[in-house]
Amino acid sequence: MFFWSNKSAISSKYSLSSSPTFVSEPWSVFTGRPKSSSSSSDSSRVSVFVFDKKRFESYLLNYGIIKSKNSSTDKVLIQEGYDVLRNQVSNLAKLKHPNILGLVEPLEEHSKNFMFVTEYVTGSLESVFGQIDEESNFLKGHVSEDIIKQRGILDIVQALDFIHNRASSVHLAIEPKTIFINENSDWKVSGLGHLRKLPQGTLTSEIFLPQYDPRVPSFMHLELNYTAPEIVLDNTLSFKNDYFSLGLLIYMLYTGKNLLRTDNSTTQYKEEYSKFERKLASMSWDNLFSKLPTDLRHCIQMLMNRDVYSRYDNI
């Protein structure tokens, strides 16, 4: 059953499912169909991303992150969150590539929500690997097939090559919740809210992480479980940050768990990364990544070497 009631161009053009198809924080993702289409074929479906502004602002108030919605300081914090979401969608509009999530309708901002429309996707890597219901178990079984994983990794690599070499930018958020899957098992890169452009003619720049507040919603900051050590330890921005994140994602795909478990604390990150280095010192890369297929094990050191200059020059 499809219905949605709201005064917007998107809601006037599309009928939306009564409940989200899946959630990719902070977005609830609904299945939509064009109202103007006489066809009920699956090919006409789209995904409609909806962000609940009232819920977000109430969360900030309830957890004492802001004291009101009206003070200038609190307004700045609220707008910082909204700017991340605006950047996500505006970057989707700028970066057109078969392996980047395709934008169909641009961001609409309303008093109660944000909305935008993309090509139809069935879930994210996070929703597939993080859920235990019958449907996601079926999807997980399909996505877990090695050929699907390796093809999906290649999809991510091709998207990153475009972001790095055509857009001169660093993604900074390659993680399970930013990779979406369509019905053909193609993987689509999204989550472009923290994308950083490198200064023209340079391969590195500086990046400084804000002081982490565990109460702040996770979409507003980098996910340290998937962040390269040179960002946290050296404040270095580079295309090769994304290579390390890809290595961490590959590890999760084949082991079902995160290599780094940081609770998004820089102090915990340093401890976890030191633990990882000690394991490497006592084991080989091949042994530590033994669950990966042989051809990927040969790549992983070139993605995740602590020395960024020892990583691949081009992914």
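## A chat about a predicted model

User: Hi! What order do the strands take in the open sheet of three?
Analyst: The order is S7-S9-S10, and the pairing is antiparallel. Strands here are DSSP runs (E, at least two residues), helices are runs of H or I of at least four, and both are numbered from the N terminus. Two strands pair if DSSP finds at least two bridges between them.

User: Which are the edge strands?
Analyst: Strand S7 (123–124) and S10, each of which pairs on one side only.

User: Before we go on, what kind of model is this?
Analyst: This is a predicted model, where local features need pLDDT of at least 70 and side-chain atom pairs count only at pLDDT 80 or more, while totals for chains, interfaces and linings use all residues. Residues are numbered from 1 along each chain as its sequence is written, and side-chain values use heavy atoms, with hydrogens and water left out.

User: Thanks. How many bridges join S9 to S10?
Analyst: Three, with the two strands running antiparallel. Phe 180 stands opposite Lys 188 in S10.

User: And which helix lies across S9 and S10?
Analyst: That's H6, running at about 25° to S10. Axes are lines fitted to C-alpha atoms, for helices over the stretch in contact, and angles run from 0 to 180 degrees between N-to-C directions.

User: Switching to charges: how many salt bridges are there in the whole structure?
Analyst: A search finds 13. A salt bridge is a side-chain nitrogen of Lys or Arg within 4 Å of a carboxyl oxygen of Asp or Glu.

User: Which residue does Glu 183 form one with?
Analyst: Arg 45, with the closest N and O atoms 2.3 Å apart. Glu 183 sits in the loop between strand S9 (179–181) and strand S10 (187–189), and Arg 45 in the loop between strand S3 (27–34) and strand S4 (46–52), so the pair ties together parts 138 residues apart in sequence.

User: Is Arg 45 buried or exposed?
Analyst: Arg 45 counts as buried, at 15% relative accessibility. Glu 183 is partly exposed, with a relative accessible area of 45%. Buried means under 20% relative accessible area, exposed over 50%, and partly exposed in between (1.4 Å probe, protein chains only).

User: What about Asp 186, which partner does it have?
Analyst: Asp 186 forms a salt bridge with Arg 151, the closest N and O atoms being 3.4 Å apart. This pair links distant parts of the chain, 35 residues apart: Asp 186 is in the loop between S9 and S10, and Arg 151 is in helix H6 (residues 146–165).

User: New topic: where is Ile 100?
Analyst: In the loop between helix H3 (72–94) and strand S5 (103–109). Ile 100 is buried, with a relative accessible area of 1%. Its C-alpha atom is separated by 4.6 Å from that of Val 189, 89 residues apart along the chain.

User: Which residues does Ile 100 touch?
Analyst: Leaving out residues up to four places away in sequence, its contacts include Leu 92, Phe 162, Lys 188 and Val 189. Contact means heavy atoms within 4.5 Å.

User: Last one: at what angle do H8 and H11 cross?
Analyst: Roughly 145°, with the axes of helix H8 (residues 240–255) and helix H11 (residues 294–304) coming within 8 Å. Among the residues that meet are Tyr 243, Phe 244 and Leu 248 in H8, and Leu 296 and Ile 300 in H11.
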